[in-house]
Amino acid sequence: MSPEDGPSVDEAIAAREIRLNYSTALPWTLESIDLDRIEVARVRHDEDLFFLLCSSSFVESGSDLYTQNLIDHFADDEELQGWLSQHWQHEELQHGRALAAYVRKVWPEFDWDKGFQAFWNEYGAVCTAEQLEPDRGLELAARCVVETGTASLYRALNEITDEPVLKLLTNHIKGDEVRHYKHFYQHYRLYREREGFGRYKVFRAILRRVNEIKSEDSDIALRHVFNQCYPQHLGNEAEFRRISNRAQGLLRRHIPAGMTVKMLLKPLDLPPRLQGALEKPLAKITEKLFLH
C-alpha cells in the first residue's frame, strides 16, 4: 500500500479502538481497597504465596524504568508515548504500591523497602533499551507476551487465594493487564500494516521475550525476596531453587493455559483452523514456557 492510498480498513479500525481505550478512566484506585478488611489468618502462613506476591510487587514497582525505555523507543509516536506515560505507567506503579501495601499488612516483619532497593540495584542494570526489539512493531508483539504473562499470573493468583481483599486486588490487576494487552495489540496491528513484517519474525520476537521473562524478571525478584528472608542462606543456590521452585510450582498448578496460549498466538494472526489445532498441544507446555 502506498502512502497516497490512505490507511487500510484494519489500520483504521485499530486506530479507532486505540482512541476509545485511551480515553477510558482508570477503573479502580488503591484508596478503594480497604486493607483493614484483610483476613490475615487466611494467608499469613502461606510462604509460597508471600514469595509470589512480594516478587510481583518488586517488578511492578520498577515499571517507571521500563516505561521510559519504551517512551524513548517510540520517540515520534506521540499517541503511544502519551498512553505509556499518562496511563500505563501509573497503573503499573499502582499495582506495585497495592501489592506492597498488602505484603506490609500481612507480613509486617518483612523489610519491603530494603528488599526492593536491592532488587532495583540489580534490575536497573539489566533493564535497558538494548533489550527492546530494534523493529518497533516487533517490540509491540513482545509487549503482548509480557502482558500475557502478567494477566496469566494475576488470574492464577486470584484462583490460588480465598482471602477476599487479595481476591479483589488480583482481579483488578488482572483486568488492567488484559486491557493493556489489548492496547499494545492494537498498536501492533498498526505497525504491522506499516512495516509489513511476516509471521516468522513475529514468532522469533515472541519466543525471545518469553525466554527473557523466564530468565530475568521473575528470577531476580524472587532471589531478592529470598535474600531478604533468608540472609543465612545468601549465595546458597540449592536452597534458593528449592524455595523458588516450590512457589513457582504453586503458580504452575493454577496457570490458565488456554487463555495464555490464545493471547500468545494472537499476534501471529494464524488461520483459524491452524490456531485451533495448535491451542491444545501448546496449552500443555505453556507452564514450561512461563515458569521454571
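In helix 3 (residues 63-73), the buried residues are S63, Y66, T67, N69, L70 and I71, where buried means under 20% relative accessible area, exposed means over 50%, and partly exposed lies in between, with a 1.4 Å probe and protein chains only. These buried residues pack against helix 2 (47-61), helix 4, helix 5 (112-126) and helix 6, with contact taken as heavy atoms within 4.5 Å. The model is predicted, so local features need pLDDT of at least 70 and side-chain atom pairs count only at pLDDT 80 or more, while totals for chains, interfaces and linings use all residues. Residues are numbered from 1 along each chain as its sequence is written, and side-chain values use heavy atoms, with hydrogens and water left out.

**Overall fold**

- The protein has 11 helices and 0 strands, where helices (H or I, at least four residues) and strands (E, at least two) are DSSP runs numbered from the N terminus.
- Of the 292 residues in the protein, 50% are buried.
- Among contacts between residues at least 6 apart in sequence, 84% join residues that are at least 24 apart.

**Helix 4**

- Helix 4 (residues 78-106) contains 29 residues and spans 41 Å from its first C-alpha to its last, close to the 42 Å expected at 1.5 Å a residue; the expected span is 1.5 Å times one less than the number of residues.
- A kink of about 40° is centred on L84 in helix 4, the bend at a residue being the angle between axes fitted to the seven residues ending there and the seven starting there.

**Nonpolar core**

- The largest nonpolar core has 80 residues, and those with the most contacts inside it are F51, L53, F58, Y102 and L157; such a core is a set of buried Ala, Val, Leu, Ile, Met, Phe, Trp, Tyr and Cys residues joined through side-chain atoms within 4.5 Å.
- Helix 6 (residues 136-160) supplies the largest share of this core, namely 12 residues.
- Leaving out residues up to four places away in sequence, F58 touches F110, W112, G115, F116, F119, A221, H224 and V225.
- S55, which is found in helix 2, counts as buried at 7% relative accessibility.
- With residues up to four places away in sequence not counted, S55 touches A221, L222 and V225; the C-alpha atoms of S55 and V225 are separated by 6.4 Å, although the two residues are 170 residues apart along the chain.

**Aromatic rings**

- The count comes to 20 aromatic pairs, under a rule in which rings of Phe, Tyr and Trp (its six-membered ring) pair if their centres lie within 6.5 Å, with planes under 30 degrees apart counted as stacked, over 60 as edge-to-face and the rest as tilted.
- The rings of F50 and F51 form an edge-to-face pair, because their centres are 5.7 Å apart and their planes stand at 85°; both residues are buried.
- The rings of W83 and W88 are stacked, because their centres are 6.4 Å apart and their planes lie at 25°; W83 and W88 are both buried.
- F58, W112, F116, F119, W120 and Y123 are linked by ring pairs into a cluster.

**Charges over rings**

- The charged end of R194 sits over the ring of Y191, 5.1 Å from its centre, where the criterion is that NZ of Lys or CZ of Arg is within 6 Å of the ring centre and within 35 degrees of the ring normal.
- The charged end of K266 sits over the ring of Y185, 4.7 Å from the ring centre.
- Apart from its neighbours within four places in sequence, K266 is in contact with Y181 and Y185.

**Helix 10, helix 11 and the loop between them**

- Helix 10 is largely enclosed by the rest of the structure, because 7 of its 9 residues are buried; these are A257, M259, T260, V261, M263, L264 and L265.
- K266 is found in the loop between helix 10 and helix 11 and is partly exposed, with a relative accessible area of 39%.
- D269 is found in the loop between helix 10 (257-265) and helix 11 (272-290), and its phi is near 55°, a positive value in a residue other than glycine.
- Most residues other than glycine have a negative phi.
- P281 is found in helix 11 and is partly exposed, with a relative accessible area of 42%.
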